[in-house]
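Please look over the sequence and the structure before reading on.

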Amino acid sequence: MTPLSVVLKRIADKGYDRELKISEDGARLEENGNVYSADQLTIIKVYRFEGESDPGDMSVVYLVHTDDEEKGFLMNAYGPYSDQDNPYYDDFIKEVPIDELEDEI
């Protein structure tokens with residue numbers, strides 16, 4: 001399995017170098033200032049990492065396109081280390097449409 005750090009480098013090289021942060025208002029793309037609702041985003045690829053020896057390594061990375069042609073990513077731990085401190089994350093991510101592009105990365 002390819003390590004998370006390698007995937008983050010590869011996606012950054014393809015323009016997915018800004019993280020989306022989810023709040024009560026929606027998702028904000030770093031350094032952009034725009035706030036996006038779930039229907040203004042599309043998940044185009046999902047990477048899941050499983051920590052066989054360390055549950056702290058369990059995470060998921062979503063590559064995202066915005067409706068104004070920006071690129072970014074959402075990252076979250078799952079299992080015991082999930083983003084439980086963000087009460088908006090689960091409901092928001094469930095509403096983002098998925099249209100996976102196999103050849104993007």
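The model is predicted; local features need pLDDT of at least 70, side-chain atom pairs count only at pLDDT 80 or more, and totals for chains, interfaces and linings use all residues. Residues are numbered from 1 along each chain as its sequence is written, and side-chain values use heavy atoms, with hydrogens and water left out. Helices (H or I, at least four residues) and strands (E, at least two) are DSSP runs, numbered from the N terminus. Two strands count as paired if DSSP finds at least two bridges between them.

**Sheet 4-5-6**

- Three strands make up an open sheet with antiparallel pairing, in the order 4-5-6.
- Strand 4 (41-49) and strand 6 (71-77) are the edge strands, each with a single partner strand, so one side of each has no neighbour in the sheet.
- From one strand to the next, the twist averages 20°. Axes are lines fitted to C-alpha atoms, for helices over the stretch in contact, and angles run from 0 to 180 degrees between N-to-C directions.
- Helix 1 (residues 4-13) packs on this sheet and touches strand 4, strand 5 and strand 6; contact means heavy atoms within 4.5 Å. The direction of helix 1 makes about 10° with that of strand 5.

- Eight bridges link strand 4 to strand 5 (residues 59-66) in the antiparallel sense.
- Seven of the eight residues of strand 5 are buried, so the strand is largely enclosed by the rest of the structure. Buried means under 20% relative accessible area, exposed over 50%, and partly exposed in between (1.4 Å probe, protein chains only).

**Val-46**

- Val-46 belongs to strand 4 and is partly exposed, at a relative accessible area of 32%.
- Leaving aside residues up to four places away in sequence, Val-46 touches Val-60, Val-61, Tyr-62 and Glu-100.
- The C-alpha atoms of Val-46 and Leu-63 are separated by 6.4 Å, and the two residues are 17 residues apart along the chain.

**Sheet 1-2-3**

- Another open sheet of three strands has antiparallel pairing and the order 1-2-3.
- Strand 1 (20-23) and strand 3 (35-36) lie at its edges, each with a single partner strand, so one side of each is without a neighbour in the sheet.
- Strand 1 pairs with strand 2 (residues 26-29) in the antiparallel sense over four bridges, and a hairpin joins the two strands through two residues.
- Ser-23 has Gly-26 of strand 2 as its bridge partner, while Leu-20 stands opposite Leu-29 in strand 2.
- On strand 1, Leu-20 and Ile-22 form the covered face, and Lys-21 and Ser-23 the uncovered one.
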